[in-house]
Amino acid sequence: SFGDQVLAANGTFRPVVFMAQSNHVKTTSFMQIYTDSNTNDAPLEVTPDHLIFVTGKDYPVPASHVKVGDRLEGAENKSRIVTKIQSVERDGLYSVYTSDATLVVDGILASSVVETPDVQFGPFKVRFHTFVKRIFAPFSLALCTYVSPHHCTAQVEDGMGGHYNILIKLGLLVMELHPIIQGVITFSFIGFFVIIIVSTCIAFALAPTTLLLGGIVLMMMKKKKLKSL
């Protein structure tokens, strides 16, 4: 859930900032990826479109692109060689975003996100993993820390992942718009929220001074009133 600490890149623990999927009953196809370091034959299980880090690649790749013999980035920067890949179906689908968009699953370093089209800001394209890490995760962390953690919890109403919370709905809507409009909306929304956060911090910082000045003014008014009597 929001705020829980999970193991992420570089052996650090990062907070969960968003629950993208939380479905206990949906039947889902997973890939089982075995490596040379598996204990008790426990493989990494991920959906084919989930991004994982392969040694030598600058950007995480979908699990479906991984081949036997590839080296996967593991915990504590130790690579693991893929020895076998197979498929399996499970009931349940869960996905969380962390503050740096990474997490360690069964000893393997993975992205928090699945393969998703690039996010466009006018003429500029940003890969979704980078977008979540640099923009969405900090925004989500601030929103659900200062406003309500409810916004960072997956809302599945029909039991099959049919209805998501407002952040996912807004994100999907924006991604369907023209790239220039995407950029304007995204930067305007982020700018507005930054202004709110900064204003709130300034208000809290000035609160003691404001209370002190208010107290002095009240004391002066009381003294003046007593003199007039």
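1. The structure under review is a predicted model. Gln 32 belongs to strand E2, which covers residues 13-35.

2. The side chain of Gln 32 has a polar partner: a contact of 2.6 Å links it to the side chain of Glu 45. Leaving aside residues up to four places away in sequence, Gln 32 touches Glu 45 together with Pro 43 and Leu 44, and also Lys 84, Ile 85, Gln 86, Val 88 and Arg 90.

3. Val 132 is located in helix H1, residues 128-146. Its relative accessible area is 0%, and Val 132 is therefore classed as buried.

4. The surroundings of Val 132 include residues on both sides of it in sequence. When residues up to four places away in sequence are not counted, Val 132 is in contact with Tyr 97, Ala 101, Val 113, Ala 137 and Pro 138. For one of these, Ala 101, the C-alpha atom lies 6.3 Å from that of Val 132, although 31 residues separate the two along the chain.

5. Leu 212 is part of helix H3, which spans residues 179-228. With 57% relative accessibility, Leu 212 counts as exposed, because the class requires over 50%.

6. Leu 212 also contributes to a nonpolar patch on the surface, along with Leu 213, Ile 216 and Met 220. Together, these four residues present about 410 Å² of accessible area.

Technical notes:
Residues are numbered from 1 along each chain as its sequence is written. This is a predicted model: local features need pLDDT of at least 70, side-chain atom pairs count only at pLDDT 80 or more; totals for chains, interfaces and linings use all residues. Side-chain values use heavy atoms; hydrogens and water are left out. Patches are made of residues with over 30% relative accessible area and no salt bridge: like charges are joined within 9 Å, nonpolar side chains (Val, Leu, Ile, Met, Phe, Trp, Tyr) within 5 Å. Accessible areas come from the Shrake-Rupley method with a 1.4 Å probe; for residues, only the protein chains shown count as cover. A salt bridge is a side-chain nitrogen of Lys or Arg within 4 Å of a carboxyl oxygen of Asp or Glu. Helices (H or I, at least four residues) and strands (E, at least two) are DSSP runs, numbered from the N terminus. Buried means under 20% relative accessible area, exposed over 50%, partly exposed in between (1.4 Å probe, protein chains only). Contact means heavy atoms within 4.5 Å. A polar contact is a pair of N or O atoms within 3.5 Å; within protein, one must be able to donate a hydrogen and the other to accept it, and residues adjacent in sequence count only if both atoms are side-chain atoms.
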